[in-house]
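Here is a short tour of one structure, written to be read with the model open beside you. Take your time and turn the view as you go.

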Number of protein chains: 2
Amino acid sequence: MSRLKVTITMSLDGFVAGPNQTEKDPLGVGGEQLHQWLVPLQAFRETHGELGGEVNASTPIAEEILGNVGATIMGRNMFGGGPGPWGDDAWQGYWGDDPPYHHPVFVLTHHAREPLELEGGTTFNFVTDGIESAFEQARTAAGDEVVSIGGGANVVQQYLAAGLIDEIVISLVPILLGGGARLFDNLGEPAPTLRQVEVIEAPGVTHIRYARQ
Amino acid sequence: MSRLKVTITMSLDGFVAGPNQTEKDPLGVGGEQLHQWLVPLQAFRETHGELGGEVNASTPIAEEILGNVGATIMGRNMFGGGPGPWGDDAWQGYWGDDPPYHHPVFVLTHHAREPLELEGGTTFNFVTDGIESAFEQARTAAGDEVVSIGGGANVVQQYLAAGLIDEIVISLVPILLGGGARLFDNLGEPAPTLRQVEVIEAPGVTHIRYARQ
C-alpha cells in the first residue's frame with residue numbers, strides 16, 4: 001500500500017506562502033525566498049532541463065521531492081486558474097507543456113473537468129468528491145510508489161486532520177514572512193501526533209522528517 | 001559588551017506556551033509537553049538539586065540555558081503574580097526560595113517594586129522604564145557573560161522587533177499545541193533577518209541556532 005507523504009518548505013514563523021497570494025504571485029509577498037535552498041541545486045535544475053548547479057546536504061531532500069513519487073495530490077489554488085467553473089479556455093496549470101511531475105496528479109476542486117494530459121507523463125485529474133477519494137485514486141495510480149501532497153497549506157491541513165499522512169518533511173528556513181498561508185493550523189482535536197525521525201542540517205535550511213506517531 | 005541571547009522551546013506549530021495560561025498553569029494547556037526533552041536530563045536535574053538523569057545530544061543546550069549567563073530578562077507574566085500593583089504580600093516568583101538563576105534577573109513591569117533578593121545569588125530587579133533600560137541594566141550586571149531573555153513570547157518579540165537579539169536558539173519539538181503564545185509574531189516591518197548557524201539533532205527535539213544577519 002503506497003504511503004502518503006508531504007515535503008514542504010516552511011518559514012520560521014510557520015508560513016508556506018507569503019501574504020497576498022495572487023495568480024501572478026502564487027507564493028505571495030516574499031514567498032519566493034522560501035525556496036532559495038532548493039532552486040540553485042543541480043537536482044532541482046535538471047528536473048527543469050537546466051545544466052549545472054550545486055550539490056550539498058540538501059540534495060537528497062531535493063531528489064526525494066520529485067523522485068520515487070507515483071502520484072501527487074494538490075489543491076486547486078496550487079494548480080491555478082482562479083476559483084469557479086473552468087470555462088472553455090481553461091487554465092492548464094503553472095508548469096507549461098511538460099510539467100515536472102511525470103506522473104498522475106490529482107487536483108482537488110469543486111468543479112468537474114476532463115483529465116488534462118500533458119507531455120512527459122503528467123496527467124492532471126480533477127477530483128470533486130473529496131480528499132479520501134483523491135487519496136484512493138492517487139494510491140491506485142501510484143502502485144508501489146509514494147503519494148505526495150504538493151500543497152497548498154489547506155490541503156495538507158485537511159489530510160493531517162484526517163490522520164492520513166504517514167510522513168512529513170519540513171524544510172525550515174530562517175526567514176520571517178509575517179503573514180500568509182500557515183501550515184500547522186485548523187488541525188482539529190485531538191491534534192495529530194508526530195514523531196521526529198531524522199534531521200538534516202544544510203546550508204540555510206534544516207530538514208526535519210516526522211512520522212505519524 | 002555582553003551579548004543578548006534567547007534559548008526557547010517551540011512547538012512545531014509555533015507556540016512557546018499552550019492556550020489558557022493561568023497562574024496555576026503558567027505554560028497553558030499542554031504546555032508542559034514542550035519541555036519533555038529537557039526535564040529528564042542530568043544537566044537540568046542538578047540545577048534543581050536532584051541526582052541522576054539522562055545525558056544525550058541535548059545536554060550541551062541544557063547546560064547553555066543556565067550556564068555562562070550573567071543576567072536574565074523576563075516579562076512580568078513569567079515572574080508571576082498576576083497583573084496590577086504588587087500589594088503588600090507580593091508574589092515572590094515561581095521558583096521558590098533558591099531560584100535556579102543564581103544571577104541578577106530583570107523583570108519588565110509597569111509597577112515599581114523594590115528588588116527581591118533570594119538565596120543562591122538570584123535578585124529580581126523590577127524595571128518600569130522599558131526594554132532598552134532593562135537591557136542596559138542587565139548588560140552592566142552581566143559583565144563579560146551573556147544576557148539571556150527568559151520569556152515570555154511577547155518579551156522576545158519586543159527585543160526581536162527592536163533588533164537587539166544577537167542569537168536565538170530554538171528547540172523545536174514535534175508537538176502541535178493548536179493555540180497559545182506564538183513566538184514569532186508582531187515582529188514589525190521589515191522583519192528581523194536571521195542566519196542559521198548550527199543544528200543539533202537530539203531525541204525528540206531539534207535545536208537550531210540562529211544569529212542576527
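In this predicted model, ring pairs link F79(A), W86(A), Y101(A), F124(A) and F126(A) into a cluster. Over all chains, the structure holds ten aromatic pairs.

Because F79(B) lies in helix α3 (residues 76-79) of chain B and F126(B) in strand β6 (residues 123-127) of chain B, the pair ties together parts that are 47 residues apart in sequence. F79(B) and F126(B) are buried.

| Charged residue | Ring | Distance to ring centre |
|---|---|---|
| R113(A) | W86(A) | 4.7 Å |
| R76(B) | W86(B) | 3.5 Å |

R113(A) lies over the face of W86(A), and W86(A) is itself part of the ring cluster. In chain B, the charged end of R76(B) sits over the ring of W86(B).

Which strands does β6(A) pair with? On one side, β4(A) runs parallel to β6(A), joined by five bridges, and F106(A) has N125(A) as its bridge partner in β6(A). β5(A) pairs with β6(A) in the antiparallel sense over two bridges, with E117(A) opposite T123(A). β5(A) and β6(A) form a hairpin with five residues between them, and G120(A) in the turn has a positive phi of about 80°.

Step back to the whole sheet of chain A. Nine strands form an open, mixed sheet in the order β5-β6-β4-β3-β7-β1-β8-β11-β10. β5 (116-117) and β10 (194-202) of chain A stand at the edges with a single partner strand each, so one side of each is left without a neighbour in the sheet. Elsewhere in the sheet, strand β1 (residues 4-11) and strand β7 (residues 146-151) of chain A run parallel and are joined by three bridges; L4(A) has V147(A) as its bridge partner in β7(A).

Helix α4 (residues 131-142) of chain A packs on the sheet, touching β1, β3 (69-75), β4 (104-108), β6 and β7 of chain A, and its direction makes about 160° with that of β3(A). Helix α5 (residues 153-161) of chain A lies across β1, β3, β4, β7 and β8 (167-173) of chain A, at about 135° to β7(A).

Finally, how do the two chains relate? A rotation of 180° with 0.0 Å of shift along its axis superposes chain A on chain B, with an RMSD of 0.0 Å. That is the relation of a two-fold axis. Of the residues of chain A, G14(A) comes closest to the rotation axis, at 3.3 Å (C-alpha). The same surface serves both copies, as 100% of the contact residues of chain A recur in chain B.

Note on methods:
Residues are numbered from 1 along each chain as its sequence is written. Chains are lettered from A and ligands numbered from 1 in the order in which they are written. This is a predicted model: local features need pLDDT of at least 70, side-chain atom pairs count only at pLDDT 80 or more; totals for chains, interfaces and linings use all residues. Side-chain values use heavy atoms; hydrogens and water are left out. Rings of Phe, Tyr and Trp (its six-membered ring) pair if their centres lie within 6.5 Å; planes under 30 degrees apart count as stacked, over 60 as edge-to-face and the rest as tilted. Helices (H or I, at least four residues) and strands (E, at least two) are DSSP runs, numbered from the N terminus. Buried means under 20% relative accessible area, exposed over 50%, partly exposed in between (1.4 Å probe, protein chains only). A charge sits over a ring if NZ of Lys or CZ of Arg is within 6 Å of the ring centre and within 35 degrees of the ring normal. Two strands pair if DSSP finds at least two bridges between them. Contact means heavy atoms within 4.5 Å. Axes are lines fitted to C-alpha atoms, for helices over the stretch in contact, and angles run from 0 to 180 degrees between N-to-C directions. Copies are superposed by least squares on the C-alpha atoms of residues with pLDDT of at least 70 in both.
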